[in-house]
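Please look over the sequence and the coordinates before reading on.

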Amino acid sequence: MVTSKKGLYVGRNENKKFNRTLLKIKSDTELKFGLTGLTILVFVAVFASLLVPFDPYFFGPDILNKLGENQHILGTNHLGQDIFSMIIYGVRTSLMVAVGSALISAVIGILIGGIAGYFGGKIDLVITECINAFMMVPTFFLILLIIALFDSSITNVMIVIGLTTWPSNAKLIRAQALSIRERTYVKSAVAMGETNLQILFKYIIPNGIFPVLANTTIGMSNAILTEASLSFLGLGDPNVISWGQMIFMGKQYLTSAWWISTFAGVAIVFTVTVFYLLGDGLNHVLDPKHKSRKGA
Amino acid sequence: MEAKKSFVKINNISMWYPQKNKTLSQVFKKEQQWVKAVDNVSLELAKGEILGVIGESGCGKSTLGRALARLENPTQGDVFINDISTQNLIKEDQRKFRRTVQIVFQNPFDTFTPRDTIEKILMRPLKLHGIEKNDEERRKKCIDLLESGGLKPAEEIMKRYPHELSGGQLQRISILRSMLFNPQFIIADEPVSMLDVSVRAEIINMLLTLSRENDATVVFISHDIALTRYISDKIAVMYLGKVIEYGDCETIINRPQHPYTQALISNTASIDPDEEREIIKVEGEPPTPVNPGPGCYFAPRCFKATENCFKQYPETVEFESGHFVSCSEI
């Protein structure tokens, strides 16, 4: 019998699937660089306290030291803080903002978009109009306003970024839900007596989440940029070390101590690039229609 | 034929969809045009009977199936199972309705979510309906079920994902899963049309055996007339949302009265190459289901059409006992 023969190959099949995924990751340069960069960033964030040569919150006597002066690899700022240590601690802030806001934005977007796409009809109409209205709002100025009015803590920044960026996620998952709800497995779930909510969480969302994942990674880099911009405008959390703030503070010393702003800027560019590459790479790998140029 | 008591009573089921692309004048007049995918279908079935529904693509066979299984709510009409209105049943106890009525789908490759193993797929409905006490017993039931359907080794198959199985295996699992609740009324929507010819007979026989064991009534939707003839007790022929001829299987096949049925059957390939028969050619396409006109829908393509046919939709007449035809030329 065909069935009994096939049973023997299960282990091999799973192995093959894993290898295929690995090959896909390897064949996509962007994803490879993105993943390497992310690993470095996460490593630095986790072991930040072990990596720093000085306490970044310590206001030392070495004011405006040049590169390498008094063992300060990247110099110090006008308050005597070590720039290299500050940049390493800044990774934590950036990643926290990125992950926190992306999570908020993804959860809200998936729920709202999923409901709109699955239930359709009038609910969809209302939600789609809401999404469109939200997309018209100039996000950055809204964030600016809210942060200026309320407390500018890092948590607030995270929440506000999350609350203003969900519409793109909602649109993506809505489009997915619209097509998935016509699939046979959803119909068969209905025939098996599953409720609408069960179908939404069990079939629609898990099967339509990939484009949102890719979008979320790109959203993370935008969140980092937004946080940096807010800090640069002086609306960042004063209790936390952030790259945007370093640029802001170093601005007035740009002619005499260029290192304060420059290295923070480089760090932002690096991190944002990493997340962009990751998002782009994920897009390629998760999209079955995308073929690598090598023809592999 | 013996007069069996009707078990499933399909009462004037209609499935209308609003027309989307309206012309400007229709918008101003606030006229709503309807696409009548299924229009006033009434049929009666005895317990354990198998009804074959045939017709060309787009005639509303599948829509009828979906309406019967309540995947969509019919515009009007109701189905009575054992004199219980399903309309009321689904409002009172949706799960009980789902246990009574089950549907087998056409595409086995898309019937199961790609993210779950067969084990999860089979256990989920059992858990949902609270069948068996604990997961251990449910798992055992699933294994027994798969083995009864010839899917061995069941333990291995339970660990697989749907994309790792063949279409025949998946369709068997799909049928077995439908049988989990011992349904009284099964709708099979072209269950073998996407399968390899070599496994079709197996699947069909399995469906028949299982439904016979349950003494379930089956609506078998197909465009394969030879297959329908092989399995069904009664046949309903559909054209543009309406049942145009209905009766016992052999009567319909041997003595079709409606010109459309005659054309349909004359075009079926026969095993016997020497069999002499006339192939009736039907030209053109069916008219649009939006306002198909006052007369018989088939009249523009009918080889027997007379002037009368274009005036009014023919009434359904009982040509002989249990054989209903909608044609004014009889």
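## Contact between the chains

The contact is made by 19 residues from chain A and 26 residues from chain B, where two residues are in contact if their C-beta atoms, placed from the backbone, lie within 7 Å. On the side of chain A that touches chain B, two or more residues come from each of α1 (2–6), α2 (10–27), α9 (184–191) and α10 (196–207) of chain A. α9(A) gives the most to this side, with 6 residues. By class, the side of chain A that touches chain B holds 8 nonpolar, 8 polar and 3 charged residues; Ala, Val, Leu, Ile, Met, Phe, Trp, Tyr, Cys and Pro count as nonpolar, Asp, Glu, Lys and Arg as charged, and the others, Gly among them, as polar.

This is a predicted model, in which local features need pLDDT of at least 70, side-chain atom pairs count only at pLDDT 80 or more, and totals for chains, interfaces and linings use all residues. Residues are numbered from 1 along each chain as its sequence is written, while chains are lettered from A and ligands numbered from 1 in the order in which they are written.

## Chain B as a whole

Chain B has 12 helices and 12 strands; helices (H or I, at least four residues) and strands (E, at least two) are DSSP runs, numbered from the N terminus. The radius of gyration of chain B is 21 Å, close to the 20 Å that the globule rule gives for 330 residues, so chain B is as compact as a globular protein of that length. The radius is taken over C-alpha atoms, and the rule is 2.2 Å times the number of residues to the power 0.38. Buried residues make up 40% of the 330 residues in chain B. A residue is buried if 20 or more other C-beta atoms lie within 10 Å of its own, exposed if 12 or fewer, and partly exposed in between. Among contacts in chain B between residues at least 6 apart in sequence, 65% join residues at least 24 apart.

In β3 (residues 50–54) of chain B, 5 of the 5 residues are buried. B:Ile50, B:Gly52 and B:Ile54 lie on one side, with B:Leu51 and B:Val53 on the other.

Leaving aside neighbours within four places in sequence, B:Val219 is in contact with B:Leu51, B:Val53, B:Gly65, B:Leu68, B:Ile187 and B:Ala188. B:Val219 is also among the residues that touch the most other members of the largest nonpolar core, which has 146 residues. Such a core is a set of buried Ala, Val, Leu, Ile, Met, Phe, Trp, Tyr and Cys residues joined through C-beta atoms within 7 Å. Helix α5 (residues 83–119) of chain A supplies the largest share of this core, 17 residues.

Helix α2 (residues 61–68) of chain B has 7 of its 8 residues buried, including B:Lys61 and B:Arg66. Just after α2(B), B:Arg70 takes a positive phi of about 60°.

B:Leu180 lies in the loop between α8 (167–178) and β7 (185–189) of chain B. B:Leu180 is partly exposed, with 18 other C-beta atoms within 10 Å. Not counting residues up to four places away in sequence, B:Leu180 touches B:Pro125 and B:Leu126.
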